[in-house]
Amino acid sequence: MGFFVAPSANDRSNSQYPSGVMKTIILQQPNEICAVQTAAPPEPPSGWALVRVNRVGICGTDWHAFQGRQPFFHYPRILGHELAVVIETVNDPASDLKPGDRCAVEPYLNCGKCIACRNGKENCCVDLKVMGVHVDGGMREQIHVPTNKLHRSEKLSMDQLALVEPLGIGCHGVDRAGIRKAEWVLVIGAGPIGLSVVQFALAAGGRVVVADVDPSRLEFCRRKMSVLHTLDASAEISPALLKLTDNELPTVVIDATGNAKSMMRSFELVAHGGRVVFVGLFQGDLTFNDPNFHRREVTLLASRNARPQDFSRIIRLVEEGRIDTSPWITHHVRCDELVAVFPKLAAPNSGVLKAIIEF
Ligand SMILES: [Zn+2]
Ligand SMILES: [Zn+2]
């Protein structure tokens, strides 16, 4: 990408920058995030739309990239994969999107040809490119997005549209678990991903228990998300789990920590015949005791990203008021302030649940 200052000083609507130039926030290398001017995108290619970015959510992935701890990550990179956008131009006669439409972005660019794509599992495409991770994302005023990755809502606020992607992570994790009404579900980890899992596990009718090492997160679950049972994960939780479940343990355990110790312990916390779902990702090897795994006949499932249909479903659930997004956003930041506050906002111990950048 080339950076330049436009020769013309004509003001463009909605922007303090001259025509042809837009503001972009770029992660140059680990620990170096800066605001620059980049060329505004040209007309979109066929099958794509040009959109104006309105809101960008920040999450753990951005923090790992900032710290240089995201594997296979290349710098410089424009972050931003939790996006709420407004359509500017559509170059796709088959699409009914029109200028002015407000959309959530499904930031997973898949090949459409591989075994996973052919089987309706676009979320784990062999050649998946996540915007803001593997290719440049949305921390800039305008971007191109394929029209089939834009999910419109006439009712959701821009803030709510930016939450659709992180909600999708929990939605897909819960779908993987196939939760039945009234079954006990243990969710380990009450960060943003864990909370998104909790929300959909409750919506599926599960009896949800949340474990975390941070008491303030557990309090949040009880107060804001109507979770009845929370456990301090820094202590041994199996006695309390056995007590709650009539000595049977939960039939579903969903790990949203990405912590190896926690993930390996989940095999001991699941009921005989139960399912373990790993939503959180650990960058390394995990081991388990096979006799324990076999004795319980555990079903182990990974959960990656979210499926295209999850985006429209989540939009509908929020529109109908069945998913409440009001507890989610704890911080708003203007994009001009972001460079100064990003390290404080994105740190895991910052007290920030979800920070949203306003473009
Ligand atoms: Zn995210
Ligand atoms: Zn594919």
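Biologist: What is the peptide bond from Tyr 75 to Pro 76, cis or trans?

Modeller: That bond is cis, with omega near -5°. As a rule, most peptide bonds are trans.

Biologist: OK, and how confident is the prediction? What's the mean pLDDT of the chain?

Modeller: The mean pLDDT of the protein chain is 92, and 95% of its residues reach 70 or more. Where pLDDT is low, though, the predicted coordinates should not be read in detail.

Biologist: Now the metals. Which residues are the protein donors of the zinc ion (ligand 1)?

Modeller: Cys 59 through SG, His 81 through NE2 and Glu 82 through OE, lying 2.1 to 2.2 Å from the zinc ion (ligand 1). Along the chain, those donors follow the spacing C-x21-H-E.

Biologist: Where do Cys 59 and His 81 lie in the chain?

Modeller: Cys 59 is in the loop between strand S3 (48–58) and helix H1 (60–67), while His 81 is in the loop between H1 and strand S4 (82–91). They are 22 residues apart, and the pair links distant parts of the chain.

Biologist: Is Cys 59 buried or exposed? And what about His 81, buried or exposed?

Modeller: Cys 59 has a relative accessible area of 18%, so it counts as buried. His 81 is buried as well, with a relative accessible area of 5%. The cut-off for buried is under 20%.

Biologist: And the other zinc? Which residues coordinate the zinc ion (ligand 2)?

Modeller: Cys 111, Cys 114, Cys 117 and Cys 125, each through SG, at 2.3 to 2.4 Å. In sequence, the donor residues of the zinc ion (ligand 2) are spaced C-x2-C-x2-C-x7-C.

Biologist: Why is the arrangement around the zinc ion (ligand 2) called tetrahedral?

Modeller: Because the four donor atoms around the zinc ion (ligand 2) subtend angles of 104 to 118°. To count as tetrahedral, all angles must lie between 85 and 135 degrees.

Biologist: How accessible are Cys 111 and Cys 117?

Modeller: Cys 111 is at 30% relative accessibility, so it counts as partly exposed. Cys 117 is buried, with a relative accessible area of 9%.

Biologist: Switching topic to sheets. In what order do the six strands of the open sheet come?

Modeller: The order is S12-S11-S10-S13-S14-S15, with parallel pairing. Strand S12 (229–232) and strand S15 (299–302) are the edge strands, and each pairs on one side only. From one strand to the next, the twist averages 20°.

Biologist: How many bridges join S13 to S14?

Modeller: Four bridges, between residues 252–255 of S13 and residues 275–278 of S14, running parallel. Within that pair, Val 253 stands opposite Val 276 in S14.

Biologist: Since you brought up phi, what is it for Leu 249 and Asn 305?

Modeller: Leu 249 has phi near 70°, and Asn 305 has a positive phi of about 55°. Most residues other than glycine have a negative phi. Leu 249 lies in the loop between helix H6 (238–244) and S13, and at 12% relative accessibility it counts as buried. Asn 305 is in the loop between S15 and helix H9 (308–319), also buried, with a relative accessible area of 16%.

Technical notes: Residues are numbered from 1 along each chain as its sequence is written. Chains are lettered from A and ligands numbered from 1 in the order in which they are written. This is a predicted model: local features need pLDDT of at least 70, side-chain atom pairs count only at pLDDT 80 or more; totals for chains, interfaces and linings use all residues. Side-chain values use heavy atoms; hydrogens and water are left out. Donors are N, O and S atoms within 2.8 Å of the metal (3.2 Å for Na, K and Ca); water is not among the atoms, so sites may look incomplete. Four donors count as tetrahedral if all angles lie between 85 and 135 degrees; four count as square planar and six as octahedral if opposite donors are over 155 degrees apart and all others between 65 and 115; anything else is irregular. Buried means under 20% relative accessible area, exposed over 50%, partly exposed in between (1.4 Å probe, protein chains only). Two strands pair if DSSP finds at least two bridges between them. Helices (H or I, at least four residues) and strands (E, at least two) are DSSP runs, numbered from the N terminus. Axes are lines fitted to C-alpha atoms, for helices over the stretch in contact, and angles run from 0 to 180 degrees between N-to-C directions. pLDDT is the predictor's confidence in each residue, from 0 to 100.
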